[in-house]
Amino acid sequence: MKTLFIGFAFCFVMFGCAKQQSYTSIIETAQELSLDKDSTVHIKALQLYEKAFAKYPDSIDDYSVYEASVVASGINDFDKAFKYLKPIAELEEDMFGYPGWDYILGEYAEGDYKNLMQEDRWVALKEKAILDKKLFFEKLKTDEAEFFSAKKGAEISGFETPELYEYLKSSNNYLPKQKQDYSISFKINDTTSTSYFVHLPKNYNPEKKHAVLFYLHGAVRGNVLSEFETKLNLIYDNARYTKRAEADNVILVFPKGDKNFNWMVGDDGFFMIPEMVNQLKTALNIDDNRIHISGHSNGATGSFSYLVKQPTQFAGFYGFNTHPKVYTGGTFIENVLSRSYINFSTDQDYYYPPNANDSLNKLMVSLNVDYKDYRYNGFPHWFPAFEASEPAYDILFKDLVSRKRNPFPKDIQWEFDDNNYGALDWIANAKLDTLQPKKEWQKTLNFDINKWFKLTDNDSLVEVEVNEKAFDFPRQSGKIKASYSNNEFRLETSRIKSININISPEMVDLNKAIKVYVNGKLYFNNKLTYNAPFMMRNFNRFRDRNQLWINFIPVEID
């Protein structure tokens with residue numbers, strides 16, 4: 001049977017008034033009885049489903065009809081099983097956005113309806129479902145093509161390079177969208193793919209730039225990749241995002257990962273969110289300086305990881321019940337200086353203890369980092385499920401609507417232990433040389449965690465003594481401190497082999513020589529011009545109209 005949580009949550013959320021509570025109470029009792037190991041009890045469960053449907057016909061929901069069909073199948077009441085299964089199998093879309101054919105061909109069907117599969121009626125339903133599935137994916141492909149359709153751009157071959165730069169910065173080839181919700185396929189590698197869900201504001205206007213919020217789901221080890229995503233992403237706890245995004249004209253994006261390809265465990269899936277950003281910029285008029293990431297639990301850890309490892313494309317980072325740590329390498333906490341983070345923590349969280357959050361907050365204050373932790377007392381790890389989380393979402397969106405990326409920061413500090421992440425804003429393609437001695441100013445920041453909450457077998461919370469460090473450092477790292485002013489760039493490096501300095505005409509005066517000092521020595525002193533091939537490669541790769549580089553200075557470090 002499909003996860004009962006969906007059914008319980010639906011009843012709780014959707015049927016709150018006095019009249020509907022009677023329907024809800026009958027359905028909930030039926031659900032409880034259907035879980036009993038005694039099959040004779042299931043007869044009573046089916047009777048209760050039928051009682052609820054007969055007494056409250058205007059309240060019947062797809063999920064309860066599905067549950068009734070499964071119970072009937074389990075007790076071999078085939079007529080009633082098909083009576084309830086047939087209408088939901090014919091749905092174009094159920095209340096969660098899933099197509100009716102999924103009840104027949106989906107991953108739960110073999111367990112739900114094993115008793116029906118020798119029936120001619122099942123064979124007929126399956127044949128219809130196979131056809132419906134084919135049509136469904138054809139429509140999905142058509143919708144995706146419409147989503148990515150765009151106006152034809154200008155012929156740029158005759159542009160002078162300054163003219164090309166201005167054209168790219170102001171480019172807008174976007175078209176109105178026919179729908180508000182899209183399931184978009186995403187290729188991970190030659191054999192693996194997943195999907196992500198895009199929810200547009202009702203007032204989406206392709207002539208205006210829009211902020212974007214990515215929501216990263218938790219429980220990455222227990223999730224599976226999906227062929228398509230549905231409006232289920234928009235309801236239950238996520239409804240708190242949905243209603244505020246609508247009010248503030250924010251585009252919502254919901255990626256789907258699994259234990260192998262995600263934003264926290266392993267690095268194979270870490271490219272997914274940045275690449276989704278690049279894809280979306282070909283279809284939607286996105287404000288490059290207002291792209292944000294949020295999440296809960298493992299998703300919040302993912303948000304924190306993008307902040308510390310790959311923040312260039314993003315403006316603000318948020319998390320509910322975050323474990324602020326990079327699982328795939330070193331957690332270089334001073335990298336947070338490049339952006340901001342808002343965490344919503346609770347005092348009864350087994351995922352990360354409040355005393356550790358307190359220690360982290362003190363460290364962040366000492367570094368003068370834009371990091372805030374809002375503590376909510378009396379709540380467990382699943383804080384977003386509680387009504388009391390509403391003020392936290394208000395805080396998040398108040399920050400989000402005003403938070404903008406500075407595409408050309410005057411000062412940069414960046415530490416990394418993997419060449420794949422040797423980039424931040426105008427520092428690009430940095431490479432490590434860990435055979436060099438580490439400079440004295442490259443410090444390792446960490447702190448101790450002595451207490452942690454653990455869940456017992458009966459889901460009670462107990463405090464245990466631990467002896468842990470907050471962060472791991474499995475590899476040697478290099479660090480860059482860089483700044484620019486008045487056409488001069490100054491770099492200090494530790495364990496760095498080479499760096500590219502990306503140049504924008506908004507950073508320097510191209511009519512004057514640009515000077516680059518590396519570790520106190522003059523390295524470069526010359527004028528730069530527009531490099532059209534580089535500019536186009538960069539634009540086609542990242543579609544960033546605000547952080548548009550026109551040339552670069554390669555730096556080799558002795």
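**A helix under cover**

Tutor: In this predicted model, the residues buried in helix α4 are Asp62, Tyr63, Ser64, Val65, Tyr66, Glu67, Ala68, Ser69, Val70, Val71, Ala72 and Ser73. Buried here means that a residue keeps under 20% relative accessible area. By that count α4 is mostly covered, with 12 of its 13 residues buried. The helix covers residues 62–74. From its first C-alpha to its last it reaches 19 Å, close to the 18 Å expected at 1.5 Å a residue. After α4 comes asparagine 76, which has a positive phi, near 65 degrees.

Now the chain around this helix. It has 15 helices and 18 strands. Its radius of gyration is 27 Å, close to the 24 Å that the globule rule gives for 558 residues, so the chain is as compact as a globular protein of that length. The C-alpha trace spans about 85 × 65 × 40 Å along its principal axes.

Burial can also be counted for the whole chain: 54% of the 558 residues are buried. The chain exposes about 25300 Å², and carbon and sulfur atoms supply 50% of that area. As for contacts between residues at least 6 apart in sequence, 71% join residues at least 24 apart.

Methods: Residues numbered from 1 in each chain as written. Predicted model: local features only at pLDDT ≥ 70, side-chain atom pairs only at ≥ 80, totals over all residues. Heavy atoms only, no water. Helix = DSSP H or I, 4+ residues; strand = E, 2+ residues; numbered from the N terminus. Rg over C-alpha atoms; globule rule 2.2 N^0.38 Å. Buried < 20%, exposed > 50% of the residue type's maximum accessible area, 1.4 Å probe, protein only. Contact = heavy atoms within 4.5 Å. Areas by Shrake-Rupley, 256 points an atom, 1.4 Å probe, with all protein chains shown as cover. Expected span 1.5 Å × (residues − 1).
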